[in-house]
Amino acid sequence: MSDTATSLTDQYTAQITADIARVSEEREKVREEIAGLQQRLETLEADHRQLLQMQSALTSAPATVVEVSSGRPGGRKKSVKVPRPRASQAPARARAARPEVKVGRTEATWGEIVLSYLTGQQGPQSVAEITNGVIAAHPARKVQATVLRNTLEGLVARGRVQRAKQKGSVTYSMVAHEGAAEQAGPEQVPAGSSEPA
């Protein structure tokens with residue numbers, strides 16, 4: 001009887017010792033994760049403060065106060081100043097910040113470039129052909145096929161260019177006359193293009 005009790009005690013002791021080791025190891029892992037998350041949070045808060053200061057400097061607007069929780073239970077909230085953009089100045093400042101919008105600009109838009117290229121072509125052109133042609137015509141500009149594809153779809157939506165599908169390939173060409181885009185049917189209208197031409 002005593003041997004059985006000793007055997008059970010040894011088993012329970014060994015199990016408890018193993019459980020203590022497992023829980024201690026898991027506890028250490030969680031502590032490390034918390035420390036990593038705390039460091040990440042501090043970095044994000046520093047970035048947030050810096051961005052708010054930059055926004056305030058750019059908009060020169062008075063800052064409003066926003067409460068930010070420390071993330072800990074029962075933690076104190078911090079007051080962070082957030083600039084309130086002025087409705088009248090924000091669009092003008094945003095336009096001024098965009099490099100492609102220039103007073104008396106000298107560079108052509110992608111839409112103008114694509115239309116100019118297609119005007120000089122005989123027959124439909126694939127995106128690859130248009131891209132290669134634009135690269136050859138404008139070596140100083142960085143040309144991306146996706147930008148040109150979106151520009152083409154924008155021109156299709158405006159009825160300036162027509163799209164055709166033949167054997168799985170898509171080609172683009174200039175619209176022959178004003179009515180061509182209207183008579184072209186559902187294939188001529190893109191699902192939705194957001195890229196300005």
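**Entry 1: helix H3**

I began by looking up which residues of H3 are buried in this predicted model. They are Trp110, Gly111, Ile113, Val114, Leu115, Tyr117 and Leu118. That makes seven of the 10 residues of H3, so the helix is largely enclosed by the rest of the structure.

What covers these buried residues? I found that the cover includes two helices, H4 and H5. Strand E3 (125–126), strand E4 (161–166) and strand E5 (169–174) are also part of the cover.

**Entry 2: the largest nonpolar core**

Next I turned to the core. I noted the general rule that nonpolar side chains tend to be buried together in soluble globular proteins. Here the largest nonpolar core has 17 residues. Which of them touch the most other members? I wrote down Trp110, Leu118, Ile130, Val134, Leu152, Val161 and Tyr172.

Then I checked where the core residues come from. Helix H3 (110–119), helix H4 (127–137) and helix H5 (145–157) supply at least two each. The largest share belongs to H3, with six residues.

Setting aside neighbours within four places in sequence, I listed its contacts as Leu115, Leu118, Leu152, Leu155, Val156, Tyr172, Ser173 and Val175.

**Entry 3: H3 against H5**

I reminded myself that two packed helices are described by the angle between their axes and the distance between the axes. For H3 and H5, I have an angle of about 80° and axes 10 Å apart. An angle of 65 to 115 degrees counts as roughly perpendicular, and H3 and H5 are therefore roughly perpendicular to each other.

Which residues meet here? From H3 I noted Trp110, Gly111, Val114, Leu115 and Leu118. Their partners in H5 are Val147, Leu148, Thr151, Leu152 and Leu155. I sorted the residues of this contact into eight nonpolar, two polar and no charged.

**Entry 4: H4 against H5**

My last stop was the other helix pair. The axes of H4 and H5 come within 10 Å and cross at roughly 110°. That makes H4 roughly perpendicular to H5. I also looked up the handedness, and this crossing is right-handed.

On the H4 side, I found Val127, Ile130, Thr131 and Val134. They meet Ala145, Leu148, Arg149 and Leu152 in H5. How do the residues of this contact divide? I noted six nonpolar, one polar and one charged.

Technical notes
Residues numbered from 1 in each chain as written. Predicted model: local features only at pLDDT ≥ 70, side-chain atom pairs only at ≥ 80, totals over all residues. Heavy atoms only, no water. Core = buried A, V, L, I, M, F, W, Y, C linked by side-chain atoms within 4.5 Å. Buried < 20%, exposed > 50% of the residue type's maximum accessible area, 1.4 Å probe, protein only. Helix = DSSP H or I, 4+ residues; strand = E, 2+ residues; numbered from the N terminus. Contact = heavy atoms within 4.5 Å. Axes fitted to C-alpha atoms, helices over the stretch in contact; angles between N-to-C directions. Parallel < 35°, antiparallel > 145°, perpendicular 65-115°, else oblique. Left-handed = near helix turned anticlockwise from the far one by under 90°. Nonpolar A, V, L, I, M, F, W, Y, C, P; charged D, E, K, R; others polar.
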